[in-house]
Amino acid sequence: MNEPVINVTGLTRRFGARAALDSVSVSLPRGAVYGLVGANGAGKTTLIRHILGLLRAESGSVRVFGLDPVADPVAVLSRIGYLSEENDLPGWMRVGELLRYSRAFYSGWDDAYAEELRQAFALDPAAKIKTLSKGQKARAGLLIALAYRPELLVLDEPSSGLDPIVRRDILGAVIRTIADEGRTVLFSSHLLEEVEQVADHVTMINQGTIVLSAPLDVIKASHHGASLNEIFVAHVGRGATPAEAV
Amino acid sequence: MRSAAAAFAWEFRQRHRWGLAGLVVYLFVLAAIKMLFLARGHAISFDNNLSYAFVVVVPVTATFLYFLAVFSFGLAGDLAARQSMYPARLFTLPVTTAGLAGWPMLYGTVAMALLWAAMRLFALWPPEFDVPMIWPALLAASMLAWLQALTWMPYPLPGLRVIVTVLWLTAIDAVVFIAVEFKVREPVMLALLAPHVPLAYLAARFAVGRARRGHVPDWRRMFRPLSTFATVLANRRESFPSAARAQVWFEWRAHGRSLPLLVAILLPFELGQLFIHGDTPKLVFYTLAVVLLTPGFMAGFVSATASTSNPPFLATRPLSSASLIAAKLTATIWSTAAAWLLVLAAVPLGLELSGTWPVVIEPARRLHAVIGTPRAVVIGLLALSGLILWTWKRLVQGLYIGLTGRASLIKGNVFLTLSLLCVLGPALHWMIGNSLVRVAVVDVMGWLPAVLVPIKMAAAAWVVTRLYRSGLLSDRVLVTGAACWCAAVLALYGVLVWIVSTPLFPRSFLALVAILAIPLARLSAAPLALAWNRHR
């Protein structure tokens with residue numbers, strides 16, 4: 001039986017009077033790439049924070065690998081690789097120290113793979129995190145999210161503000177992860193072209209509600225081969241990035 | 001916003017409006033008290049310095065430090081970094097470098113001068129005390145101006161900012177102290193202090209100009225062999241045996257080294273007093289008291305930063321909230337131990353080199369002669385253990401507030417603590433000055449622990465129930481923790497009974513004191529606070 005990796009049911013979250021998520025239900029079966037798309041402030045990060053257990057469900061339920069991430073954070077987080085939009089790696093650490101520190105938490109940490117990624121990302125082990133550029137920090141975050149081959153890789157706006165080369169690395173990481181059978185990727189972005197390149201399944205979110213959730217090829221077929229940008233505008237009434245606002 | 005000046009003023013006012021509102025309320029209360037005194041024709045006298053210190057000195061010092069942090073942008077910068085602490089976001093504004101340096105300095109120095117003017121006007125000053133008119137305002141403004149200039153300056157080495165700033169501000173302070181000691185007249189003081197603000201402004205303008213151009217000198221090449229050695233050592237380190245050990249290392253590196261470092265910086269200055277006042281026994285003991293209180297006092301500052309950080313990076317580590325707290329507590333134990341090792345090594349060295357050993361040994365001999373060797377040793381060990389425990393308590397007792405991550409709770413706690421300090425002094429003064437109240441207080445003193453202990457135990461029971469229900473701590477950990485706490489209380493009670501063998505203090509009183517002395521409720525609440533913050 002293919003149990004969903006993530007199962008969110010009727011999730012509602014309010015920040016003051018504003019509903020950040022309104023009765024959101026999502027189910028992600030194992031082994032595919034899910035693109036979570038929406039404009040800034042649509043509720044993508046709030047949904048991801050619930051999946052990681054950083055937010056407690058006010059109403060509804062969140063299950064990851066069949067577990068409640070708030071009640072059992074260790075069991076859930078040890079199987080998730082997470083790259084945050086904020087990229088808040090501790091600036092005082094050296095890259096080598098970050099690897100040594102991170103490997104202690106994951107039994108599946110693969111030293112050879114970590115070293116391969118470090119070399120591919122051209123990260124100096126003696127360099128302090130705070131001296132790295134934004135793109136290098138994203139690569140360092142990606143390295144520690146991938147090096148233990150997590151069952152679920154969660155990337156929250158990973159390419160936001162990064163140059164095309166780092167974006168290519170991130171997309172490459174997604175493709176590598178897919179290559180490992182049975183692994184799942186949840187990839188949030190407002191850059192729809194990127195999502196279109198790698199996602200099998202797309203969920204569009206707007207003002208805290210899911211407006212469309214289906215396999216990408218089904219979406220494309222039902223919209224006569226239109227681009228994801230055009231489909232998004234058709235459903236939401238505006239583009240996912242400010243420049244694309246209608 | 002019509003001008004850069006107005007924009008700077010708006011930012012300071014908007015970001016710190018609650019602190020400024022609190023200050024206005026405090027000044028209003030001071031003015032009201034003074035008017036009440038004067039209207040009733042009461043003579044103002046402070047036969048007890050303690051009460052004056054609590055009413056005036058503590059809030060004014062807190063405000064002075066607050067202003068230093070606010071106007072030097074120190075609340076949001078890395079003090080040890082080579083880069084300027086001036087916010088880089090302001091460099092791209094269409095404002096001249098003179099304006100970038102000048103407006104914050106002008107607002108800061110004016111705020112300092114106004115603070116002194118308000119204190120001079122509203123505080124209750126003893127009539128026999130000749131309150132200076134202007135020079136304290138100029139001193140406060142100069143200290144701020146130099147702090148701004150030195151924190152905004154880019155430095156060639158990491159950490160150099162701290163050393164240069166501490167040395168320079170201490171030098172200014174020392175000159176003023178010497179001038180006060182020699183009872184220098186106000187015009188001379190003004191002449192001494194007047195050049196500081198303009199000079200500091202020139203330095204600040206130079207510093208901001210360099211920082212704006214991205215000019216950060218780099219002398220690290222001179223220390224490359226050392227750096228290579230450190231990197232080799234770091235690379236040679238083996239893997240952590242467990243996630244818990246890795247987290248302890250993280251806490252130690254992120255926060256644990258701060259306390260020993262601060263103590264190491266202060267000790268030479270404090271012990272240096274032994275060389276100056278070594279022939280006055282009273283001052284030798286004052287110096288030693290200050291040295292022994294330093295770790296605990298500095299722990300209060302360190303805990304403010306160590307307890308408030310819980311970024312998503314840490315929150316997403318696959319560790320339970322209890323394990324994250326355990327790592328924090330272990331790192332605080334290391335930190336306390338390192339700070340006290342420094343003190344215990346430096347004090348004998350300072351006494352030996354300054355030739356002040358005999359001054360200390362003589363009273364110890366007298367105590368030994370009166371109470372005997374075992375009691376003298378136990379009293380000494382108990383006092384030392386008490387100071388070490390107090391240091392550790394100061395490091396961890398704020399965790400239950402700081403780890404909630406709720407700014408309103410954290411700021412409210414600081415405000416309540418300061419308010420309590422302000423009330424405590426006059427209350428003590430009133431109690432000591434009134435013989436009837438004094439007798440009544442002594443009578444009820446025995447009952448005070450009897451009131452506090454049920455409050456502590458009720459709070460602990462509530463916390464433990466919540467811990468049990470939330471499943472944050474296992475039953476085994478809860479039972480082991482309770483057993484350790486009981487054992488510590490019993491051990492302290494036994495020692496107290498042995499030492500304080502007098503009918504003045506009944507054994508029940510000593511038992512209550514032992515219960516109050518060993519931390520329980522606030523410490524146990526730390527995992528709850530972290531979980532509340534981690535899973536919002």
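Glu157(A) sits in the loop between strand E6 (152–156) and helix H6 (164–179) of chain A; helices here are DSSP runs of H or I with at least four residues, strands are runs of E with at least two, and both are numbered from the N terminus. The model is a predicted one, in which local features need pLDDT of at least 70 and side-chain atom pairs count only at pLDDT 80 or more, while totals for chains, interfaces and linings use all residues. Residues are numbered from 1 along each chain as its sequence is written, and chains are lettered from A and ligands numbered from 1 in the order in which they are written.

Though not a glycine, Glu157(A) has a positive phi of about 45°. Glu157(A) is buried because 21 other C-beta atoms lie within 10 Å (buried takes 20 or more other C-beta atoms within 10 Å, exposed 12 or fewer, partly exposed anything in between, with C-beta atoms placed from the backbone). Gln207(A), also in chain A, has a positive phi too, near 50°, and is found in the loop between strand E8 (201–206) and strand E9 (209–215). With 16 C-beta neighbours inside 10 Å, Gln207(A) comes out as partly exposed.

On to the packing. Leaving aside residues up to four places away in sequence, Leu186(A) touches Ile6(A), Leu28(A), Tyr34(A), Leu36(A), Leu152(A) and Val154(A); touching means C-beta atoms, placed from the backbone, within 7 Å.

Ala200(B), Ala204(B), Arg205(B), Ala207(B), Val208(B) and Ala211(B) are buried in H8(B), and their cover includes helix H4 (97–122) and helix H5 (135–152) of chain B. After H8(B) comes Gly214(B), with a positive phi near 75°.

As for the chain contact, 26 residues come from chain B and 26 residues from chain A. On the chain B side, H10(B) supplies the largest share, seven residues.

Technical notes:
Contact = placed C-beta atoms within 7 Å.
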